[in-house]
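This report covers selected features of one chain, taken topic by topic. The sequence and the structure come next.

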Amino acid sequence: MEARTIRERGPTGERRLSLLYLAPSLIIFAIFIFYPLGRTFYLSTMGTDIIGRANKFVGLDNFADMFSDPGFFKALGTTALFVLFTVVPAIVGALVVVLLLESRISGQRMFRTVFALPFAFSVATASVIFALIYNPAVGMANGILSYVGVDRIGWLTEPDLALISISITTIWMTLGYNVLVLSAGIGAIPTEVVEAARLDGATGWRLHSRITIPMLSPQLFFLIVISTIHALQSFGQIHILTKGGPDGATSTLVYWIYEKAFSYGSSDFGTASAAAIVLLVIVLACTGIQFGVLERKVHYR
């Protein structure tokens with residue numbers, strides 16, 4: 001009896017127990033990640049009928065059709081601009097806010113709550129709020145312009161402004177999360193390090209540039225990677241505010257995939273799947289470059 005108990009607690013028993021604990025996660029990954037990913041690769045090599053059913057093998061023809069479509073390259077350019085307009089300002093803005101909040105100003109808790117509040121809003125809620133703000137007739141944005149004597153403008157209807165307007169919305173939505181992460185990072189900086197720097201005469205910007213920001217490099221690196229991935233996959237605010245318009249000015253690669261697969265009665269799942277694979281490669285490439293280049297500058301204490 002004792003030998004049997006020892007045998008059940010051996011490597012085989014532990015392996016079975018670990019698999020039992022992992023089973024729920026593996027099932028969820030299989031249903032929502034592995035199967036859709038495999039299905040995407042499958043559809044990228046198949047032609048589809050009018051209702052989107054795969055009916056014949058076409059090899060790389062879907063990729064050829066995608067690369068021959070000018071709209072695809074326009075969507076790539078729009079995606080690159082959107083990432084540039086949202087990732088850098090959101091992280092730099094959050095860093096400035098956190099450094100100001102750590103300057104021992106009055107009402108720190110209130111300001112920290114105010115800046116973190118956007119994190120509580122969903123993409124749909126925030127998009128509806130900004131749709132009202134950008135409303136050309138009664139929106140707050142044009143109301144402020146009218147107050148200072150500037151003519152009303154179409155924030156979401158002018159091609160040169162629509163992407164910037166959506167970028168502002170995205171920055172507002174991500175600012176709260178960035179502030180929370182950076183605030184936690186500052187809270188983890190050893191007090192003795194800061195006090196030693198102050199005793200050496202480091203104050204203000206010198207203290208932040210030599211001590212605070214280098215010590216925040218792990219949090220900044222994390223935010224750069226996560227924010228880039230989120231920006232590449234953004235969809236909700238674009239769909240609610242502009243639906244990719246005007247004239248495709250806000251149609252990022254994700255939205256281009258949606259239009260190919262579902263919008264306007266389209267069922268071109270083959271080309272859409274090929275574009276989804278390209279998006280996956282872009283995400284992996286950006287993440288790999290960031291880990292290969294930026295992580296070397298991260299100071300892990």
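T212 counts as buried, because its relative accessibility is 9% and the cut-off for buried is under 20%. The residue belongs to helix 10. The model discussed here is a predicted one. When neighbours within four places in sequence are set aside, the contacts of T212 are L99, I186, I189 and L207.

L216 sits in the loop between helix 10 (204–215) and helix 11 (217–232). The relative accessible area of L216 is 0%, so L216 is buried. L95 and L216 are separated by 121 residues in sequence, and their C-alpha atoms are 9.5 Å apart in space.

## Annotated transmembrane regions

An unreviewed UniProt entry carries the annotation "transmembrane region" for residues 20–38, 75–101, 113–134, 161–190, 211–232 and 272–294. T212 lies in helix 10, and the annotated residues 211–232 include its position.

Two of these spans can be described by their secondary structure. Residues 75–101 are 100% helix and 0% strand, with 38 Å between the end C-alpha atoms. For residues 272–294 the figures are 96% helix and 0% strand, and the end C-alpha atoms lie 32 Å apart.

## Salt bridge

How many salt bridges does the structure hold? There is one, and it is formed by K260 and D69, whose closest N and O atoms are 3.4 Å apart. The two residues come from distant parts of the chain, 191 residues apart: K260 is in helix 13 (residues 253–261), while D69 is in the loop between helix 3 (61–67) and helix 4 (70–101). Side chains of opposite charge can pair when their charged atoms come close.

## Aromatic pairs

The structure contains 16 aromatic pairs. One of them is F67 with F72, an edge-to-face pair with 5.6 Å from centre to centre and 85 degrees between the planes.

## Largest pocket

The largest pocket holds about 450 Å³ of space. It is lined by 24 residues, and those closest to its centre are V123, T170, M173, T174 and H230.

Which elements give two or more residues to this lining? They are helix 4, helix 8 (159–187), helix 11 and helix 12 (236–241). Helix 8 provides the largest share of the lining, with six residues.

Conventions. Residues numbered from 1 in each chain as written. Predicted model: local features only at pLDDT ≥ 70, side-chain atom pairs only at ≥ 80, totals over all residues. Heavy atoms only, no water. Helix = DSSP H or I, 4+ residues; strand = E, 2+ residues; numbered from the N terminus. Buried < 20%, exposed > 50% of the residue type's maximum accessible area, 1.4 Å probe, protein only. Salt bridge = Lys/Arg side-chain N within 4 Å of Asp/Glu carboxyl O. Phe/Tyr/Trp six-rings, centres within 6.5 Å; stacked < 30°, edge-to-face > 60°. UniProt positions renumbered as here; feature names shortened; annotations may be inferred. Contact = heavy atoms within 4.5 Å. 1 Å grid on protein atoms, 1.4 Å probe; cavity = no way out; pocket = protein on both sides within 12 Å on 5 of 7 lines; lining within 4 Å. Points joined across faces, edges and corners; volume = space filled by probe spheres on them.
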